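Please read the briefing below alongside the sequence and the coordinates. It is arranged by topic for a reader who wants to check each local feature directly.

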Amino acid sequence: MKAKKRIAVFVAALALAAVVAVSSVAFTGCGGSTINVAGSTSMKNVMSALADAYMAETGNTINLNFNGSGEGISAAQKNEVDFGLASRDLKEDETGVKQVTIAVDGIALIVKADSSIEAVSMAEVYNLYHEGTTVQSVITTPITRESGSGTRSAFEEIVKSSSGTELGEDGLKTGITETTSTETMIKTVSGNAAAMGYASYSEAKAAEDDGQVKILKYDNVLPSNATIGNGSYKLARNFNLILPGNGYSDLSDAAKDFYDFIASEDGIKIIEEENLVTVDIPAGEEANA
């Protein structure tokens, strides 16, 4: 972000006195440029908040398309967007792009708001999703996200069997219901007393506050910024910007300006307000491959 210092000197004609105004910092934008962003539906709230604040300050336009982490990564690899969004880390074969973590988010396990269940173990979650085993005589219907979802990928890596095998390696039960976005996941679970699903903590917390769902303890730990940040809540993953090419140096001037806003104190404050755990975001050229 280019910082502009405006120093105004006022000279009194006969007194020969000068007053120097205090400098101010502004995100200047790039003359009405357009910035294209696509990817993770779990990052919808935080990226919408960041984009709204940035557009209000600069007059630039940010087009947001929340179509899944896989699509966001692919679009960044093809240089179809300025930024991809991924709610998981890049895989070894996802090359030609640079990952920058802007926050850490929990994956909340959710049930209908009036459910009698308060807590589940990793074993109960694994058995429900892998074998369809009923949880506490109440939950019979596991709900998952679509293939390509960053939240699903992270969920299937973290949840393991008693022998330590990842859920993703063992596979989900046949015929499991899939949803194509965080919003659809929350809506599906909120209307089915027998269902359990999972969603970004930041969005699940907003849905819980609205009375739509209940967030469960996982291995006796309730997700919160504190428990996610200190690692005691184990269902957590990174929220990442995916930069095309070598990273910051390959961004357009407008995209650099938006990136700098996200990494600024104002941007980090917005991230924190969205119920996410903040991290040190590399500034400028530090975000190169």
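This is a predicted model: local features need pLDDT of at least 70, side-chain atom pairs count only at pLDDT 80 or more; totals for chains, interfaces and linings use all residues.

**Packing of α1 and α9**

- Two packed helices are described by the angle between their axes and the distance between the axes.
- Helix α1, spanning residues 44-58, and helix α9, spanning residues 253-263, have axes that come within 10 Å and cross at roughly 115 degrees, and the crossing in which α1 passes α9 is right-handed.
- On the α1 side the contact is made by M47, L50, A51, A53, Y54, E57 and T58, which meet A254, D257, F258, F261 and I262 on the α9 side.
- Sorted by class, this contact of α1 with α9 comprises nine nonpolar residues, one polar residue and two charged residues.

**S149 in the loop between β8 and α4**

- S149 sits in the loop that runs between β8 (141-145) and α4 (150-158).
- With a relative accessible area of 4%, S149 falls under the 20% cut-off and is therefore classed as buried.
- The side chain of S149 reaches the backbone nitrogen of T151 at 3.2 Å, and a polar atom of the S149 side chain also lies 3.1 Å from the backbone nitrogen of R152.

**Helix α7 and the residue after it**

- Within helix α7, which covers residues 201-209, the buried residues include Y201, S202, E203, A204 and A207.
- Just after α7, G211 adopts a positive phi of about 80 degrees.

Conventions
Residues are numbered from 1 along each chain as its sequence is written. Side-chain values use heavy atoms; hydrogens and water are left out. Axes are lines fitted to C-alpha atoms, for helices over the stretch in contact, and angles run from 0 to 180 degrees between N-to-C directions. Helices (H or I, at least four residues) and strands (E, at least two) are DSSP runs, numbered from the N terminus. A crossing is left-handed if the near helix is turned anticlockwise from the far one by less than a right angle, and right-handed if clockwise. Contact means heavy atoms within 4.5 Å. Ala, Val, Leu, Ile, Met, Phe, Trp, Tyr, Cys and Pro count as nonpolar, Asp, Glu, Lys and Arg as charged, and the others, Gly among them, as polar. Buried means under 20% relative accessible area, exposed over 50%, partly exposed in between (1.4 Å probe, protein chains only). A polar contact is a pair of N or O atoms within 3.5 Å; within protein, one must be able to donate a hydrogen and the other to accept it, and residues adjacent in sequence count only if both atoms are side-chain atoms.
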